[in-house]
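Q: Could we go through some of the helix packing here, and then look at one of the loops?

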Amino acid sequence: IGERPPVDRDGRPTATAGTGDYAVSLAWTALTPGRTIEALFALNQARDFDDFRAAAALFEVPAQNLLYADVEGNIGYQAPGRVPVRGAGDGRWPAPGWDSAYDWTGFIPPEELPYVLNPASGWIVTANQAVAGPQYQHWLGEDWAYGYRGDRIHQLLDAAQAAGPIGVADMERIVFDSHNGLAPVLVPRLLQAPRTPLAGYEQAALALLRDWDFQQPADGEDGTPQAASSAAAAYFNVVWRHLLALLFDELPEDVPADGGSRWFEVVGTLLDEPESPWWDRVGTSEVETRDDVLSRALADAYRELAIAHGDDPAGWRWGELHTLTVRDASLGESGIAPIEALFNRGPVAVTGGSAIVNNTGWRAPEGYEVTTVPSMRMIVDLSDWDASRWVQLTGNSGHAFHPHYTDQLELWRTGGTLPMRWDAEVIAAEAAHTLTLAPPA
């Protein structure tokens, strides 16, 4: 309606909009009736991979990664979802509402969505990375993780398999891995960046990175390898935050560099372009290059940590910066401090980071506090069901004063798990309490 700005077939404006009003079109499959709840019941009754795929065909929204395993040793994957086929555009931008060429023409048939059964590798890894390559016949999107977590899981599985059969203990270590995938790329550049010798504690801070194993533990006892890794992780992540702010100072405040895997890729590319104009800072009289900005990030990071956590880098700990406060979904964000104190727990020091297998994400513009977490960790052994393990973020009770309100938090924080029993006799023998629900008399 009104004056219509010209756009290309991807929906991007090709010229400045006029002064009149115009309309755009937005649709979402979740806003139409669907059968996703039926899929959950069908999945629970699946007896084989064909049943699993048939159930997944009912799972319309939101799209998920569905994994399959059975006691016969089969493993499989299915990408479900009601994915529209567009006449024009790819859905990343609202479509011009006056142009019917952008209308949906149908949906990808469920049988044509990506799936796999018993891959030659012997395992399937899903960590929010793209599930199909560019050869895939349909367009599923492009807002994927950039594969740092998935690649690391593959590396860990390769190493575990080379050492012998992979067991529950191996998987417990893998799901809690805190290796930073950007560090092997960025650290060598940081070590080469200073143009003048550093003195005293600044040199000691840089030395932390030289000997770092790229793991990000929350804490550690003084003098131990874990403490050294934690100190190095603290310095590296503060450097990373300052580097993003310095390098991308051209970006508007409402579109900041948040530090996720997308930015790992962008910065990794720019590191090989030391004269790129991105390195030149806004508002300075000099033309900065890569090493100028890296040196400045190192200095700014040391200054921040020295002021807040002491001059000696050996005493820094990643967990003092990277903390999690578990907030109640309703009263925990009331804005009333006494109420929040009753319902929230923390802050607690947390291992891991963004785009890491132990994916405790944080947003660089806001600080180091954890913003996303793996809400549970589960290892299921189909050859011995009672060997399975589990832990969730908090506890089984939603009552703030109940002993099971957050009794799993420390286990979750430190990589521990609990037995996940399946056999009825074992469950009865190990039960600490029994709850019996009876109808009214």
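A: Before the packing, one definition: axes are lines fitted to C-alpha atoms, for helices over the stretch in contact, and angles run from 0 to 180 degrees between N-to-C directions. Keep in mind as well that this is a predicted model.

Q: Okay, at what angle do α7 and α8 pack?
A: Helix α7 and helix α8, the latter spanning residues 261–270, pack at about 70 degrees, and their axes lie 12 Å apart. Angles of 65 to 115 degrees count as roughly perpendicular, so α7 is roughly perpendicular to α8.

Q: And is the crossing left-handed or right-handed?
A: The crossing of α7 and α8 is left-handed.

Q: Which residues make the contact?
A: From α7 there are W240, L243, L244 and L247, and from α8 there are W263, F264, V267 and L270. Sorted by class, the contact of α7 with α8 has eight nonpolar residues, with no polar and no charged ones.

Q: Switching to α5, which of its residues are buried?
A: In helix α5, which covers residues 183–192, the buried residues are A183, L186, V187 and L190. Viewed down the axis of α5, these buried residues fall within an arc of 105 degrees, so they line one face of the helix.

Q: What do they pack against?
A: The buried residues of α5 pack against α6 (200–210), α7 (225–247) and α9 (290–309).

Q: Now the loop: where is L140, and what does it touch beyond its neighbours within four places in sequence?
A: L140 sits in the loop between β7 (115–117) and α3 (148–163), and, with those sequence neighbours left aside, L140 is in contact with V83, I108, L113, P114 and V131. L140 is partly exposed, at a relative accessible area of 27%.

Key
Residues are numbered from 1 along each chain as its sequence is written. This is a predicted model: local features need pLDDT of at least 70, side-chain atom pairs count only at pLDDT 80 or more; totals for chains, interfaces and linings use all residues. Side-chain values use heavy atoms; hydrogens and water are left out. Buried means under 20% relative accessible area, exposed over 50%, partly exposed in between (1.4 Å probe, protein chains only). Helices (H or I, at least four residues) and strands (E, at least two) are DSSP runs, numbered from the N terminus. The arc is that of the directions from the helix axis to the C-beta atoms. Contact means heavy atoms within 4.5 Å. Angles under 35 degrees count as roughly parallel, over 145 as roughly antiparallel, 65 to 115 as roughly perpendicular and the rest as oblique. A crossing is left-handed if the near helix is turned anticlockwise from the far one by less than a right angle, and right-handed if clockwise. Ala, Val, Leu, Ile, Met, Phe, Trp, Tyr, Cys and Pro count as nonpolar, Asp, Glu, Lys and Arg as charged, and the others, Gly among them, as polar.
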